[in-house]
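Reader: Hey, can you walk me through this one? I'd like to start with a helix and then go inside.

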Amino acid sequence: MTNALMGLAVVCAGMGKADHERVVLIEDDVELALSLRIKLSLAGFRVVHSGTVMGGLVLVRESNPAVVVANVDLPHGRDIVMRLARTGVPLILLTSLQWA
């Protein structure tokens with residue numbers, strides 16, 4: 001497991017009553033999505049997943065999540081930031097970009 005995945009689980013675990021919290025995961029990489037789902041589920045979160053931005057937005061509307069974890073590198077991934085900013089739902093962004 002990468003440090004980023006472990007860090008994400010720690011951040012989410014510190015959010016409060018995890019057993020009552022729903023996380024929407026928007027990630028198209030099957031292996032990464034599975035790793036995140038397992039780690040977040042073990043931390044007590046109920047995880048719903050979509051491999052597309054549009055599907056993820058539907059899940060956000062339907063499930064009233066505590067937080068959204070989204071890959072902004074997906075097609076239209078940056079659009080989700082603008083749309084979710086208006087909802088007030090906390091957002092954790094995933095990216096494969098390398099920062100210097």
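Reader: Where is L34 found?
Author: L34 is in helix α2, residues 30-42; helices are DSSP runs of H or I with at least four residues, strands are E runs of at least two, both numbered from the N terminus. This is a predicted model, where local features need pLDDT of at least 70 and side-chain atom pairs 80 or more, while totals for chains, interfaces and linings use all residues. Residues count from 1 along each chain as its sequence is written, and side-chain values use heavy atoms, without hydrogens and water.

Reader: OK, now the inside. How many residues does the largest nonpolar core have?
Author: It has 13, and V24, I26, V68, I80 and L84 have the most contacts inside it. A core here means buried Ala, Val, Leu, Ile, Met, Phe, Trp, Tyr and Cys residues joined through side-chain atoms within 4.5 Å; buried is under 20% relative accessible area, exposed over 50%, partly exposed in between, with a 1.4 Å probe and protein chains only.

Reader: Which elements give two or more residues to this core?
Author: β1 (22-26), α3 (53-63), β3 (67-71) and α4 (77-85). α3 gives the most, with four residues.

Reader: And what does L84 touch?
Author: Skipping residues up to four places away in sequence, L84 touches L57, V60, V68, V89 and L91, with contact meaning heavy atoms within 4.5 Å.

Reader: Switching to N71: buried or exposed?
Author: N71, in strand β3, counts as buried because its relative accessibility is 9%. The N71 side chain reaches the backbone nitrogen of D73 at 2.7 Å.

How values were computed. A polar contact is a pair of N or O atoms within 3.5 Å; within protein, one must be able to donate a hydrogen and the other to accept it, and residues adjacent in sequence count only if both atoms are side-chain atoms.
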